[in-house]
Amino acid sequence: MHIVQVVLDAPIDKYFDYRYQPSSGGEGMPLVGQLVTVPFGRRTAVGLVVGTGDASDVPPENLKDAGYCFQEIPPLGKAWLDLCRFAASYYHRTLGEVALSVLPKMVRQGKQKAIGKALAALAQEQKKESPVPVDMPVLNASQQQAVETILHAEGFFPVLLYGVTGSGKTEVYLRAVAEKLRQSPDAQVLLMVPEINLTPQLEARVRARFPAEDIAVLHSRLSEGQRLRNWLAAVTGTARIILGTRLSVMVPAPNLALIVVDEEHAPSYKQQEGLRYSARDLSVWRANYLKIPVVLGSATPSLESWHHVQTGRYRQMALPERAMEHASYPAVSLIDTSKEPIVDGLTQPLVEAVRRRLAKGEVSLLFLNRRGFAPVITCNACGWVSQCHRCSAYMVYHKAGRLLRCHHCGLARIVPRHCPDCGNLDLQALGRGTQRIEENIRQQFPEARVLRIDADSTSRKGSLQKALEDIYQGKVDIVIGTQMVAKGHDFQNLTLVGVLDPDTALFSHDYRAGERLFSQLMQVAGRAGRSVAGPDANPAQVMIQTRYPGHPLYQAMCQRRYDAYVGELMEERRIAGFPPFGYQALLTAEAKSIDKAMAFLQGAKGLIDRQQGITVSDAIPMAVMRVANVERAQLLLESASRPALQGVLSDWLPKLKGLKTSVKWQVEIDPLSI
Ligand SMILES: [Zn+2]
Ligand SMILES: [Zn+2]
């Protein structure tokens, strides 16, 4: 009798035995790492084979037959299975949940026909013509040194490539990739970017550099067919370059020789639903397992990676210069808003600076990380505010359509004509969002071509791309945007960045807010002065409007010295025992009432019987307690020792899973915000 043991996409932590009749599927027995269809409950599921044998503990009359074995897909390999096993144990999920959930939907659903067709198409694809040599930029000394260090590394070698925007990090990645691919005909490399919007740019650059290579792009906005094709190209080794967002860290590429994580500090490497993994952390684990180099690139490295450099675990390579010709670093200056009054969001020095750019046909970028017209509407007579009745949050005023929108639950309604509480007709819009700045700018500079870029202006498919192209083609004088414009875009002829109202982040409840603000400001500042028209151009300049010009964050920003600020942050974290000096797990509970969520957490806390080496906080409501009529609370577990925390979780979570409750709960390891 042939028995296959499989895991399934289910929160049940066990292996399931099935009988396998070779005649029922392809030829021969399934191998570990292959996929089979099996009957499970009333449905047919796809399972991953984790063991084979000739006997089972299940009585023969209860054994069911496995169906089709996907022998056309190569076995997914021990290294990949071990990666899934690690992720399952570290994030406290079942192996089946991890392994099956990271497969393309068409594989998970066992679409034999589609898989067969995609594989046939892959085999048919013409080997691309031999590479045409492309002009490669000359590396500066620090780039050269970084490339050599990566290439001469033996075994596991984590490198933090620390360089500001425009210092030529991508060129370092591409050289290292080229050399790895040259060294071995089977070698594969994985290049990760934090956001889908950044993939087309990098993809174009990689395709131009490696015209003969099949490049497998992986992100969540691909069609299911494209995702299947690209995943198969990576699994079969057809694609030697894999380029993708966080989900690509789980691709079963059999011959990885190098992993690159660009913008390693980016919060989007953390999956925030389902399996809440950190793609950056898993990439380092994977490189360690495979004994290969991993390059983490950033202008503002995460404190975790910075700490690893300081403790000698990672090697740091710095790129201090701007690599591009005709590019200079912008000068950063602060506008003290206690001295320069803000009128409709803008101070006079900033308005004048924009005017100087307009006069010379240069581009200005105004950065405000708040969309909408005004964050709240209020009644001056009675104090009514536009509170969302489903969330503990205000509804944001959007002028187009005169709408109030909740940015948490999506609820929208027409702005009332008069105060719902007292009938007063004079309702006021408080504060400013991008729409209000746009209106103001259009009034001040009627001749200028103004473009706003935020989640509202780019909600239609392709509209962001169109907006960016308009900027590249010189059709825009003034750009107003949220963080969407901060990332990695190469704008021509942009010599001024104005930062409006960044101070709120200084007083956030989130201990990572300062780190994020700094990184955002560095990124948006990096948009200025990347390529400038001529010798008469205005010097590249960044102007920040702030009430707190003496704050260490802004002072470090003026010197463009992340290392100056990071030292301060690191000290704060050390005193508080926060990451990277401590480890955290967060239990969150969602219920119809906050009392119920809190009671669940108190009960859960009572189930921790061994508290050695860990600290358990009291249950508290989350910062935004209510979203879409669901009330949310949290319980934080902390420890200076990762094994101690993991040990407690391993004892505790099975007990939690045994509880019967209507409360929806989940545990997140290494949460990004608490
Ligand atoms: Zn009122
Ligand atoms: Zn809401």
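Modeller: Two residues are in contact if their C-beta atoms, placed from the backbone, lie within 7 Å. This is a predicted model: local features need pLDDT of at least 70, side-chain atom pairs count only at pLDDT 80 or more, and totals for chains, interfaces and linings use all residues. Residues are numbered from 1 along each chain as its sequence is written, with chains lettered from A and ligands numbered from 1 in the order in which they are written.

Colleague: Leaving aside neighbours within four places in sequence, what is isoleucine 242 in contact with?
Modeller: Its partners are Gln188, Leu190, Ala216, Leu218, Ala234, Ser248, Val251 and Ala253.

Colleague: How many residues has the largest nonpolar core?
Modeller: A nonpolar core is a set of buried Ala, Val, Leu, Ile, Met, Phe, Trp, Tyr and Cys residues joined through C-beta atoms within 7 Å; buried means that 20 or more other C-beta atoms lie within 10 Å of the residue's own, again placed from the backbone. The largest such core has 115 residues, and Val6, Leu161, Ile242 and Leu601 have the most contacts inside it. Another core, of 53 residues, lies apart from it and includes Ile335 and Leu350.

Colleague: In what order do the 4 strands of the open sheet run?
Modeller: Strands of a sheet pair through backbone hydrogen bonds, either parallel or antiparallel. Strands are DSSP runs (E, at least two residues), numbered from the N terminus, and two of them pair if DSSP finds at least two bridges between them. Here the order is S2-S1-S4-S3, with antiparallel pairing. S2 (16-19) and S3 (35-40) are the edge strands. S1 (residues 3-7) and S4 (residues 43-53) share 5 bridges, and glutamine 5 stands opposite glycine 51 in S4.

Conventions. Buried ≥ 20, exposed ≤ 12 C-beta atoms within 10 Å, placed from the backbone.
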